[in-house]
Amino acid sequence: LEAPETGVYFEQSVFTIEGPLDTTSFERAWQAVIDRHSILRSAFLWQNLDSPVQVVHRHLDVAIDKQDWRDQPIEIQDELLDEYLSADRNRGFDVEKAPLIRLALFQTSDLVHKFVFSRHHLILDRWSRSIVNKELFAYYDAFTRNTEPVLEEPRPYGDYIAWIAEQDQNAAEA
């Protein structure tokens, strides 16, 4: 909050997806993961408040920026991706406006997509991201087979907040 222009808490991953991609199932899978985890539907109000407040939206529609670059030479595709990544980083996130993630999917050939997953570190760290990825793949696999995945019920994010509040801050700092 003190220096949002630094981008320190802005995280961005680029994945290359090779092979056939069912984009409808991919979008449905992302929506299911967002529906499943309240933190992915959260914003944080802090201005003029004694302490920050997490606001969880009941539902947020997933928005994947989809673009087809198949008609562009690979050099132009690389430039377009670099431009997108730079503009996305410069855009940053306003923590008071959910969602604090952005998704983009660029088709670069018939069997290759570039997927960009941008997020604020406030809602997703590396460990949590692996959980999201695992569930995303489970949903995608199930949806492409017209089934539903069987997943354990996730622990509420509030459990983590309660655990953090119970920790000895002096011991943690030491």
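**View 1. Ile164 is partly exposed, with a relative accessibility of 33%.** Here "buried" is under 20% relative accessible area, "exposed" is over 50%, and "partly exposed" is in between (1.4 Å probe, protein chains only). This is a predicted model, where local features need pLDDT of at least 70 and side-chain atom pairs count only at pLDDT 80 or more, while totals for chains, interfaces and linings use all residues. Residues are numbered from 1 along each chain as its sequence is written, and side-chain values use heavy atoms, leaving out hydrogens and water. You'll find Ile164 in helix 4 (helices, H or I with at least four residues, and strands, E with at least two, are DSSP runs numbered from the N terminus). Together with Tyr160, Ile161 and Trp163, Ile164 makes a nonpolar surface patch of about 390 Å². Patch members have over 30% relative accessible area and no salt bridge; nonpolar side chains (Val, Leu, Ile, Met, Phe, Trp, Tyr) are joined within 5 Å and like charges within 9 Å. The areas come from the Shrake-Rupley method with a 1.4 Å probe, and for residues only the protein chains shown count as cover.

**View 2. Here's the whole fold: five helices and six strands.** Walk along the sequence and you get β-α-β-β-β-α-β-β-α-α-α. The C-alpha trace spans about 55 × 40 × 30 Å along its principal axes. Of the 174 residues, 35% are buried.

**View 3. Inside sits the largest nonpolar core, with 28 residues.** Such a core is a set of buried Ala, Val, Leu, Ile, Met, Phe, Trp, Tyr and Cys residues joined through side-chain atoms within 4.5 Å. Look for Phe26, Trp30, Leu40 and Ile123, the ones with the most contacts inside this core. Helix 1 (23-36), strand 5 (101-109), strand 6 (112-120) and helix 3 (126-144) each give two or more residues to it. In soluble globular proteins, nonpolar side chains tend to be buried together.

**View 4. Glu27 and Lys66 join side chains in a salt bridge, 2.9 Å from N to O.** A salt bridge puts a side-chain nitrogen of Lys or Arg within 4 Å of a carboxyl oxygen of Asp or Glu. Glu27 belongs to helix 1 and Lys66 to strand 4 (residues 64-68), so this pair ties together parts that are 39 residues apart in sequence. Both are partly exposed: Glu27 at 23% and Lys66 at 42%. The structure holds nine salt bridges, and a network of them links Asp68, Arg70 and Asp110.

**View 5. Asp159 and Arg155 make another salt bridge, at 3.4 Å from N to O.** Asp159 is partly exposed at 34%, whereas Arg155 is exposed at 68%.

**View 6. Two asparagines have a positive phi although they aren't glycines: Asn48 and Asn146.** Asn48, with a phi of about 60 degrees, sits in the loop between strand 2 (42-45) and strand 3 (53-56). Asn146 has a phi of about 55 degrees and lies in the loop between helix 3 and helix 4 (157-166). Asn48 is exposed at 83%, and Asn146 is exposed too, at 71%.

**View 7. A cis peptide bond links Ala98 to Pro99.** Omega is about 0 degrees here, and Pro99 is in the loop between helix 2 and strand 5.
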